[in-house]
Amino acid sequence: MLTKDLMAASSKPLLLSILAGGESYGYEIIQKVRELSGGQIEWSDGMLYPVLHRLERDGLIDSEWKQADTGRERKYYFISPDGRKALKTERQQWLAVHNTLGKLWKIKPISI
Amino acid sequence: MENQTHFDLNAAIEGWRQELAAQPNLASDDRRELETHLLDAIAGFQRRDLNDEESFWLARKRVGQPQQISEEFVKADPAKAWRERIFWMALGIIMFLLLTQTLTFAVGIALYHLFPGLHELYVKSGFWPTNAAVLIIGMALARGWFAQSLKLVWFLKNRFQLVALVIILALLLSITQTEFARENFVLNGHHSSVVTWEWAPWIENARHFLWAYLARIAAPIIFLVLFFPAQNQKTPKRS
């Protein structure tokens, strides 16, 4: 399990990356993060929405209520052009950290 | 005799919905979003062959305690809670103005027709009986006296208290203003409390006007903003 600080810091790049791959809604996002991290990153469901709403307020993502195939209405989120720019910056920064640690831990670097 | 009570999923969801609605910091859109999430989570557990009851409790646990969620929402957007509060304060002020004006008008007319003598007294008193009546009702509401008999849900009571408080404050301050009006009335020597514009130089009128409106509208808001943020932090009792 990640520490609280790391959890908070990584939520933005994770959400932007997921939404860069296509629109999604809260429940699906959490399932995806749980699956991708192999259970290492467990977001409490109720905590996800404040983060999503903050990103929306910052103009990085947009949202819309839409009816799913099952007939249930869900609030879908999708990434905005500003969000893509922010994701680029996030990516550079996270990889910079990753590569620095990688050098120290003798792991192959990832090109930025 | 059946000992095992049947678990009613719809009733459980309704209960959860109400618990969520008791959180004053969650907008209806937020609640709707959290509810679709709960339903998705329940459906997810049901697909894994868990029964209704297990699915509900696990999904509920996943989504988190309503109070916790509410706190997280406030942390993410502190200004939102204040926007909500200011909205209710403004509503309180409008309600107060409407209520006193309507009542004053109605009581004035009724007294004029029924007891002309009393009507004069009423006008001379600066309409304070109406104000007093509204004050008493407002205080009762603020104390939550009617909450039980009106079967108000918790969050409604909470909002009522805020609105009622504004009414009380505005009333208390309007009594100060009525003193002004009475003074003017005596100075002018005729039966009107809207004579302010005639007797004093314009600068005096402007000062009076400013004071009256600042006292009526700005002061209650400032008071509430300073002293009542804690009101919204309460948790409803959990069964």
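This is a predicted model: local features need pLDDT of at least 70, side-chain atom pairs count only at pLDDT 80 or more; totals for chains, interfaces and linings use all residues.
Helix H4 of chain A, residues 81-104, contains 24 residues and spans 35 Å from its first C-alpha to its last, close to the 34 Å expected at 1.5 Å a residue. Of the 24 residues of H4(A), two are buried, so the helix lies largely in the open.

The segment after H4 of chain A holds A:Lys106. This residue is not a glycine, yet its phi is positive, at about 55°. A:Lys106 is exposed, with 6 other C-beta atoms within 10 Å; a residue counts as exposed if that number is 12 or fewer.

The fold of chain A as a whole may now be considered. Its secondary structure comprises four helices and three strands, and from the N terminus on these elements follow the order α-β-α-α-β-β-α. Chain A has 112 residues, of which 24% are buried. Among its contacts with a separation of 6 or more, 44% are accounted for by residues 24 or more positions apart.

Chain A also meets chain B: 16 residues of chain A are in contact with 18 residues of chain B. On the side of chain A that touches chain B, helix H2 (26-36), helix H3 (45-57) and strand E3 (73-79) each supply at least two residues. The most is given by H3(A), with nine residues. Classified by residue type, this side of chain A has five nonpolar, four polar and seven charged residues.

In chain B, the loop between helix H2 (28-47) and helix H3 (52-63) contains B:Asp49. Although B:Asp49 is not a glycine, its phi is positive, at about 65°. With 8 C-beta neighbours inside 10 Å, B:Asp49 counts as exposed.

An α-helix has 3.6 residues a turn, so residues three or four places apart point the same way.

Methods: Residues are numbered from 1 along each chain as its sequence is written. Chains are lettered from A and ligands numbered from 1 in the order in which they are written. A residue is buried if 20 or more other C-beta atoms lie within 10 Å of its own, exposed if 12 or fewer, and partly exposed in between; C-beta atoms are placed from the backbone. Two residues are in contact if their C-beta atoms, placed from the backbone, lie within 7 Å. Ala, Val, Leu, Ile, Met, Phe, Trp, Tyr, Cys and Pro count as nonpolar, Asp, Glu, Lys and Arg as charged, and the others, Gly among them, as polar. The expected span of a helix is 1.5 Å times one less than its number of residues.
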